[in-house]
Amino acid sequence: MSNFFKICGKKVELNKSTDLNKKTGEWIFAPGGFWVLREPLENGGYKQTRIFGKEVRNQLSVSILGRSDFKNSGSTWVGDIQKKTFGKAQGSSSGDDSSLTAQFPGKVRKVLVADGQAVKEGEKLVLVEAMKMEFTIAAPKDGQVKKVCVKEGDQLSPGVQLVEME
Amino acid sequence: MKNSTKLLVANRSEIACRVFQSCAEMGIKTVAVFAPGDEDARHVSHAEEIFSIDSYLNAQSIISVAKKAGVTHIHPGYGFLSERSHFVRACDEAGIEFIGPTAESMDLLGGKIAAKELAASIGVPTLPWAKVTKGEDIVAEAKRVGFPLLLKAAAGGGGKGMRRVEKESELVDAAESASAEAIAAFGDGTLFLEKLVDQPRHIEVQVFGDGKGFGVHLHERECSLQRRHQKVWEEATAPRLREETRRGLFNSALKLVEKVKYRNAGTIEFLVDAEEGYYFLEMNTRLQVEHPVSEIVTGVDLVRLQIEQALNPNSAAIKNSPEARGSAIEVRIYAEDPSQGYIPQTGQIEKLRWPMGAGIRVDTGIEVGQKIGTQFDSMLAKLIVYAPNRAAAVSRLHYALTETSILGVGTNLNFLKALAENENVQKGIMDTGLLGREFSQFQSIPNNSELSIIQNAREKGHFRESILSQASSQLSEANSYISPLWKGIQS
């Protein structure tokens, strides 16, 4: 099983040393719709973590509530943590991982890379115009542009692939 | 109770819901309109009668619905038609009361240059500015305005022909290239010079006029935290502002209200520099998105006041400026990704949890099951907190954000939380460039501890639909129920 997440188009590795089985706490479904992880403390009490989460359309939407030691307390992300990255068919998702697709209707303003070009993480690939604003589509990681799938002036509908990377 | 009154809100989302709340409290009948894509929107289920229209910008379509429904008053909300004088005139012609200023005062204050000239003519401070046509002595005008300054195309907009000029030696070259760009874009090379304020604050004064030359102020709001020139965080009253400056802002604002005999709620925006010099920017002739913070610190229900003024136009709905107490902060919850240039996010609200408790108010336009597209503005809701002092309000905001969860669409909740943790924001040291300087690299990536907990829960199957739907079957029923009803009505 591969332990990584895809968050905001970026691959986030789960620390290898994190042993998931060490979390021996008990999960309780609490009124209000959240899961609570209760981990026993040495003094006889329990440490609590509240999670709000739902799996929708092969994607996971999660938020950890109310803990100041969590950077993402009260956070939400959706469409980022893909089911297939957890699934049993491991290794088959690498192509999907580096694909870049339009998330909303818009227009291609400028293509800044060419097929075969090597790019660094964060490097601008395509400029997209939507809702009167310009947005940058950047490389999610170091790599090579396999194919640019759009050209300047193309109308985009959600899901259209912009660039293939490898 | 004015039971013959029937009010249509020519708007959507949270502001429509806000007006409907006041109507319900006052015993006024309510009418909502909805455009394609908004069939499931929260505001549609909050009115007694609903009508479909083709667009929130189509004045004719809204007026004809209003006539059909026998509407007596129209509230425009903000945005859309709220500042279009032709819409006010169309309401007048149809014999429907427009809740807001007259078409004439909208015209007087609508154009930025005209409003500036009006302000200057009654002694309200404006930024030094000058208009220069090609061939005129730009250097002399620039010296009068002062450096650094901003060159803008007089005919323009959208940043075309705009140049920042630091000193005199850069002026001639910059003017030439700006003028050329302006000619290419607008066919007119006339330039407009304006003194540049470095790291300015955006402070605005809430006013309310009776339409006969009398008006009161409802204190100021600080709205300096902006992204893409759109406000994200607003508060009342402004922190770190001298009492003397405050008085000056109020006096200037009321001079304008008296001059144009302004009617109903309005906001006068100012730029404030580091020395607390202040300059008139523009007047917004409508209710603002951020009106709740003023409502809270003054104890005045602005929407109710707007409706009362429209019901009794011959008396002033408010006769004295109220005192301001405590501190209120509002943040705008947008469906957007702050780590990718605030790119709008789409989805469907799957789960929703609003914060509750002392000093927390939520004005929302969303419900569970609602689809979020890109047809409309990406603001989902406003979270407002209030506390006896500013420091307590900031920490209360942080608490409220960590108790909020919106699942099914990406939001800026983490970004807002990071703002509440920022040292300068906590100290109240803010200017309009702060977000651009300190948050351009913002990333909302969970740490390993969070990831491992999520992964652990995922492996145990806790997020699977089947488990959740067993545990909360009521929620699932509500989810599947919404759409078919509205689809039937619309067709």
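Contact here means heavy atoms within 4.5 Å. Keep that in mind for the tour of this predicted model, in which local features need pLDDT of at least 70, side-chain atom pairs count only at pLDDT 80 or more, and totals for chains, interfaces and linings use all residues. Residues are numbered from 1 along each chain as its sequence is written, chains are lettered from A and ligands numbered from 1 in the order in which they are written, and side-chain values use heavy atoms, with hydrogens and water left out.

**First stop: helix α3 of chain B**

Select residues 85–93 of chain B, which form helix α3. Helices are DSSP runs of H or I of at least four residues, strands are runs of E of at least two, and both are numbered from the N terminus. Color B:S85, B:F87, B:V88, B:A90 and B:C91, which are buried (under 20% relative accessible area; exposed is over 50% and partly exposed in between, with a 1.4 Å probe and protein chains only). Now show what these buried residues pack against: α2 (59–69), β4 (73–75), β5 (97–98) and α4 (103–110) of chain B. After the helix, click on B:G95, whose phi is positive, near 75 degrees.

**Next: two helices crossing**

Stay in chain B and select α1 (13–26) with α10 (302–311), whose axes lie 9 Å apart at an angle of about 60 degrees. Axes are lines fitted to C-alpha atoms, for helices over the stretch in contact, and angles run from 0 to 180 degrees between N-to-C directions. The pair is therefore oblique, the class left once angles under 35 degrees (roughly parallel), over 145 (roughly antiparallel) and 65 to 115 (roughly perpendicular) are set aside. To see the contact, show B:R18, B:V19, B:S22, B:C23, B:E25 and B:M26 from α1(B), and B:V303, B:R304, B:I307, B:E308 and B:L311 from α10(B).

**Over to chain A**

Chain A has one helix and 15 strands, and 43% of its 166 residues count as buried. Pick out the open antiparallel sheet of four strands, in the order β8-β15-β13-β10; strands pair if DSSP finds at least two bridges between them. Its edge strands, β8 (100–101) and β10 (118–119), each pair on one side only. Zoom in on A:T101, whose bridge partner in β15(A) is A:Q161.

**Last stop: a loop residue**

Select A:K141, in the loop between β12 (133–138) and β13 (143–148) of chain A. At 37% relative accessibility, A:K141 counts as partly exposed. Finally, draw a C-alpha to C-alpha distance from A:K141 to A:G33: these residues are 108 apart in sequence and 36 Å apart in space.
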